[in-house]
Amino acid sequence: MSTPRASTSSLRFAQFKLVLLGESAVGKSSLVNRFAKDQFDDFRESTIGAAFLTQTISLDANTTIKFEIWDTAGQERYKSLAPMYYRNANCAVVVYDITQSASLTRAKAWVKELQRQANENIIIALAGNKLDLAENREVPTEEAAAYAKEAGLLFFETSAKSGENVTELFTAIAQKLPLESAANSRPGRTNAKGIDLKAGGGDNNSQCQC
């Protein structure tokens with residue numbers, strides 16, 4: 001006996017703009033590539049300007065969230081471009097490297113900038129990346145977690161290399177998003193593979209050098 005399928009009218013689909021920020025070499029591109037394509041490259045070239053990808057998450061049988069992800073460059077010379085990408089963003093992941101204490105200081109500066117200049121309802125997650133290198137840790141988990149709690153951030157330690165906590169990070173963000181107020185929500189549309197290439201591109205990692 002077949003199981004009844006949910007009616008199209010009961011399905012919910014919403015898409016949200018997400019931006020990744022953080023110092024160069026903390027693993028932003030590796031994180032998003034693990035999330036979107038389940039891939040990890042030991043050697044990645046630095047992002048120029050920003051890279052764009054999309055990925056979907058199914059929160060339950062009836063709810064699908066699509067993230068439109070802007071992975072920004074971390075080099076100082078591209079810092080002035082960041083507002084182009086976080087403007088009107090619904091959510092942000094600010095990434096630091098647990099083996100580099102200075103990268104957490106820089107992450108805190110990004111959080112302050114977002115809280116001051118971005119959408120007032122933006123959901124911000126702090127991600128301590130490179131958990132696979134925990135033996136070289138410089139940033140104690142407790143220190144970062146306490147800061148995240150004080151600043152009202154989601155907090156995860158992740159490893160783009162092993163995949164640890166990567167899906168959990170993005171799922172937690174999706175669960176915080178206000179589905180009922182998503183202006184571009186529409187019923188019944190999902191992406192079967194969960195990856196949607198930017199129009200006209202044959203590569204999930206199309207880059208913007210503007």
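## Terms and basis of the model

A polar contact is taken here as a pair of N or O atoms within 3.5 Å, where within protein one atom must be able to donate a hydrogen and the other to accept it, and where residues adjacent in sequence count only if both atoms are side-chain atoms. The model is predicted, and local features need pLDDT of at least 70 while side-chain atom pairs count only at pLDDT 80 or more, although totals for chains, interfaces and linings use all residues. Residues are numbered from 1 along each chain as its sequence is written, and side-chain values use heavy atoms, with hydrogens and water left out.

## Overall architecture

The protein chain has 5 helices and 7 strands, where helices (H or I, at least four residues) and strands (E, at least two) are DSSP runs numbered from the N terminus. Along the sequence these elements follow the pattern β-α-β-β-α-β-α-β-α-β-α-β.

Of the 210 residues in the protein chain, 48% are buried; buried means under 20% relative accessible area, exposed means over 50%, and partly exposed lies in between, with a 1.4 Å probe and protein chains only. Among contacts with a separation of 6 or more, 74% are between residues 24 or more positions apart, a contact being heavy atoms within 4.5 Å.

In soluble globular proteins, nonpolar side chains tend to be buried together. A nonpolar core is defined as a set of buried Ala, Val, Leu, Ile, Met, Phe, Trp, Tyr and Cys residues joined through side-chain atoms within 4.5 Å. The largest such core has 31 residues, and those with the most contacts inside it are Leu18, Phe67, Val93, Phe170 and Ile173. At least two residues of this core come from each of β1 (12–22), α1 (28–37), β2 (50–60), β3 (63–72), β4, β5, β6 and α5, and the largest share, 6 residues, is supplied by α5. A second, separate core has 28 residues, including Leu104, Ala118, Ile124 and Ala144.

Val93 illustrates the contacts of a residue in the largest core: with neighbours within four places in sequence left aside, Val93 is in contact with Leu18, Val19, Leu20, Leu21, Ala125, Ala127, Leu169, Phe170 and Ile173.

## Aromatic pairs

Rings of Phe, Tyr and Trp (for Trp, the six-membered ring) are paired if their centres lie within 6.5 Å, and the planes count as stacked under 30 degrees apart, as edge-to-face over 60 and as tilted for the rest. By this rule there are 5 aromatic pairs. The ring centres of Phe52 and Trp70 are 4.8 Å apart with the planes at 50°, so this pair is tilted; it links distant parts of the chain, since Phe52 is in strand β2 and Trp70 in strand β3, 18 residues apart. Phe52 counts as buried at 11% relative accessibility, and Trp70 counts as buried at 17%.

Trp70 also forms a tilted pair with Tyr85, at 5.3 Å centre to centre and 40° between the planes. Because Trp70 lies in strand β3 and Tyr85 in helix α2 (residues 82–86), this pair ties together parts that are 15 residues apart in sequence; Tyr85 counts as buried at 4% relative accessibility. Elsewhere, ring pairs link Phe35, Phe67 and Phe170 into a cluster.

In helix α4 (residues 141–151), the buried residues are Ala144, Tyr147 and Ala148. These residues cover an arc of only 100° around the axis, which puts them on the same side of α4, the arc being that of the directions from the helix axis to the C-beta atoms. On the other side of α4, Glu142, Lys149 and Glu150 are exposed.

The buried residues of α4 are covered by elements including β4 (91–97), α3 (101–117), β5 (123–129) and β6 (154–157). Lys108 lies over the face of Tyr147, 5.0 Å from the ring centre; a charge sits over a ring if NZ of Lys or CZ of Arg is within 6 Å of the ring centre and within 35 degrees of the ring normal. Just after α4, Gly152 takes a positive phi of about 75°.

## The loop between β6 and α5

Thr158 is found in the loop between β6 and α5 (166–176) and is buried, with a relative accessible area of 0%. The side chains of Thr158 and Asn129 are joined by a polar contact of 3.0 Å.

Ala160 lies in the loop between β6 and α5 and is buried, with a relative accessible area of 3%. The C-alpha atoms of Ala160 and Phe40 are separated by 6.8 Å, although these residues are 120 residues apart along the chain. Not counting residues up to four places away in sequence, Ala160 touches Ser30, Leu31, Arg34, Phe40, Asn129 and Val166.
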